[in-house]
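This briefing covers the overall make-up of one protein chain, then two local features.

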Amino acid sequence: MYNERMNKYSYIRRYHMSHNHSTHEHNHDKHDHNHHHDHDHSHEHGHSHDHDHGALPVYLFFGGLGAFLIALLAPLSPTIKAVLYIVAMLASGYHIIIEGVTDTISSTKEKGKFTPNVHILMSLAAVGASIIGNFEEGALLILIFAGAHFLEHYAEDRSKREITSLLNLNPTEARRLKDDGTTETVQVTDLQIGDRLQVLNGDQIPTDGVIIEGYSSIDESSINGESIPREKSVGDEVFGSTMNGTGSFVMEVTKDSSETLFAKIIELVNQSQSNLSRTATKIQKLEPTYVTAVLIIVPIFILLGPVIFGWSWYLSFYRGMVFLTVASPCALAAAAVPATLSAISNLARQGVLFKGGSFLSNLSDVKAVAFDKTGTLTNGKPVVTDSYFESHLSQDQIQAYKDIIVAMEKTANHPLADAIIKGFPTNESLKLDVENEIGKGLTSTYNNKQYQIGKQALFTITNEDMIAKSEAFAKEGNTVVYFAEDGVVLGMIAMMDIPNDYAKAVIEYLHTQNIHTVMITGDAEVTGQAVAKQLGIDEVIGNVMPENKAAIVTQLQEKHGVVAMLGDGVNDAPALVKADIGFAMGDGTDIAIDVADAVLMKNDLTKFAYAHKVSKKLNRIVWENVIFSMFIVALLVVLNVLGKMSLPLGVIAHEGSTLVVLFNGLRLLKKINE
C-alpha cells in the first residue's frame, strides 16, 4: 500500500515538474484568465498592519485614559486641562499616530504615489480638533478609536485562532528504538526515514509512518475532522499529530518531519490567510484611493460650508473634522478579511482545507461540478451486487459451489476476488490447488471435477436464461464473472463499485442550487450511466483517458461558466488544475494536498456541500458588511451636514459600525446547520 502511494506521489511530482514547478501559480493564472479571479497575497487592511509594539501601546493607552479622566474630573485651570488632554491624545493614540504616519510614508515610497491609510484620517481629525481649541473632544476621539482598535484586533484574532491553534498540535518529541531494544527521546526534527519509534497508549504520534508491530485505535480528528477513532494494525499508515488510543505499537518512519501530512496542512492553512477573496482584494486596493478622496473633499467641504450653509469658519472647520472621522472606511476595510478567515477556520474544523479565501469565495459562483467516478462518487471497491445459478440447482448445491468459488478466489490478489470473498458466506472452508493463468482465469480440480472462474470470452454459453441475465447485469453497469464445472457454465456473479453513502444527497443538494452535475470516468459509458442513474447525475462522459479530462473541464467552462472538479488527486491532476476550483478527495493523503485548490480530508462528499453552503453564507455576510458600512458612512455624513453630529458621537458611531461588521463576520466560526 505504501509503495503504491509513493508511486502515485511520484506521478504528481512529475506532473508538477512539467508545469513549471508550481501548481499554485498555475491555479492563480488559470483563475485570472478564465473568470477574472483576482488574487492578492498581501494581507493588510486598515486595522491590521504588521506592527509589533509589544505591550507598550496598552500601557500608554491606560496612561492616556488616566490623564483624560484627571483633566475631565479634577478642578484644574484650562491650561493644565489642555496639557493633560494633549498628553492623553499622544499617549493613548501612540500606535495609531505612528502607524498612520509611518505606513503612509512607507506605502507612498513603495508605490511611488501618495498612499494614505485610515489611521492618518483619525490623527488629522484629532489634530484639527486641537487646533480650534477642542482638546477634550480630540482626546476623546483618539481614546475611543484606540480602545475600539484593541477590541477589533481581538475580534480579528478570534477568526485566526482556530487556524493558528493547529500549530499547538505539532509534535516535538519521539521515542526512538535503538538496536539494543532500548528507547531514547529525540526531537522530531532529528528523525530519519527508516527509524523505528515506540508509541505508547495516549501518546501523540510524532510523524508519518507505517505500523510494523502492534495495533491500536487512533484519533485522526486533527487531520480529517473525524471524531470516531480508526483501528490500525501492522501495515497501516499513521500520521503525525494524531492521538494514539489504548494500544501501543512500533512504527517505521516513512517521511521527513517537514514532509508529513500535518506539516503540509500547517503550510496550507498559513497560505490560506494570505490568499484573499476577490472582494477583500478590491477593498484593499480601494482603501488608499478612498482615504485620498476624503483628504481632498474635507478642505473643499470646509471652504464651502460658510458659502453654501452660512456656517461660521469655526463651525465649518469643526464639521470638517467630524467629516474626516465619520467618512473613514474602517468598517469597509473589515468587511471581508475576518469573515473569510472565520469561514476557512470553520471548514478546517470540518476536515475541509482551502488554499485561500479566493477559492472559497468563488465556490458560491459554481455553475457546474464535474466528478471523477471511482473513489469520489463510489466507494472505490467493487462489491457483489447479484448472482445467478442454473435454475435446476438446489440451494445446497449452490452453496457447495459458492464454497468452491470462495476457496478459489482466496488464492487471487484482485479487488474482484476480495468482493466475492466478502460477498459469499461459506458453509465449508476448502483448501484447493488453484492455477491463475493470464487469459484463462482461475482453474482448479476438486472431487475429480474441473472448475473455472473467468470472463465471458472464455466460455460458450447456450442457456438463454443465462444469456438474458448476463445482458441485464451488464446493462446495470456490473462486471460479470462466470463459474463453470467441466466447461459448462453453471452460474455468474455480478459486481459493481457502488455509489457511496453520501453521493446521492450531495447531488440532490446541487440540483436545488441549479448546479449542473457531470460524471467523468475512464470506465465504459454504460457503467457510468448505471451509477449516474442511481444518483441522478445530469451528464455522463465515459471512456475518458486521464490526459483528456482537462479538455472536458475546459468545454464545461465554455458551456456553463465556473466549474468545480472533484477527484482523487492522482489521475485527475490535470483536470483539478484546469478547473476553477479543484477539490481533491484526500482521505488524509498528501497527494491530494499538493494538487488541488481545496482538500476534503475524508472521502465525505457532504463536506463539499457544506463548503458550498459556507461559501454562500460568506459572500452574503461580506455584502451585508459592505452595504452596512457604506450606509453608516452616508448616514453620519448627512447627520454631520445637518448639525446632528459631534466628534465623540461620530467616532462612537464609526467604531461601533466597525465592531458590528467584525462580529457579523465572526458568525462564520459557528457550524452551519445542515
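The model is predicted. The protein chain holds 25 helices and 21 strands, and buried residues account for 54% of its 674 residues.

**Whole chain**
- Of the contacts between residues at least 6 apart in sequence, 70% join residues at least 24 apart.

**Helix 3 and helix 4**
- Helix 3 spans residues 56-73 and helix 4 spans residues 78-92.
- Their axes lie 7 Å apart, and the two helices pack at an angle of about 160 degrees.
- Angles over 145 degrees count as roughly antiparallel, so helix 3 and helix 4 are roughly antiparallel to each other.
- The crossing of helix 3 past helix 4 is left-handed.
- Helix 3 contributes Leu-60, Phe-61, Gly-64, Ala-67, Phe-68, Ile-70, Ala-71 and Leu-72 to the contact.
- Helix 4 contributes Lys-81, Leu-84, Tyr-85, Val-87, Ala-88, Ala-91 and Ser-92.
- Sorted by class, the residues in this contact are twelve nonpolar, two polar and one charged.

**Thr-185**
- Thr-185 sits in strand 2, which covers residues 183-187.
- Its relative accessibility is 59%, and exposed means over 50%, so Thr-185 counts as exposed.
- Beyond its neighbours within four places in sequence, Thr-185 is in contact with Glu-173 and Ala-174.
- Leu-197 is twelve residues from Thr-185 in sequence, and their C-alpha atoms are 9.8 Å apart in space.

Definitions and conventions: Residues are numbered from 1 along each chain as its sequence is written. This is a predicted model: local features need pLDDT of at least 70, side-chain atom pairs count only at pLDDT 80 or more; totals for chains, interfaces and linings use all residues. Side-chain values use heavy atoms; hydrogens and water are left out. Helices (H or I, at least four residues) and strands (E, at least two) are DSSP runs, numbered from the N terminus. Buried means under 20% relative accessible area, exposed over 50%, partly exposed in between (1.4 Å probe, protein chains only). Contact means heavy atoms within 4.5 Å. Axes are lines fitted to C-alpha atoms, for helices over the stretch in contact, and angles run from 0 to 180 degrees between N-to-C directions. Angles under 35 degrees count as roughly parallel, over 145 as roughly antiparallel, 65 to 115 as roughly perpendicular and the rest as oblique. A crossing is left-handed if the near helix is turned anticlockwise from the far one by less than a right angle, and right-handed if clockwise. Ala, Val, Leu, Ile, Met, Phe, Trp, Tyr, Cys and Pro count as nonpolar, Asp, Glu, Lys and Arg as charged, and the others, Gly among them, as polar.
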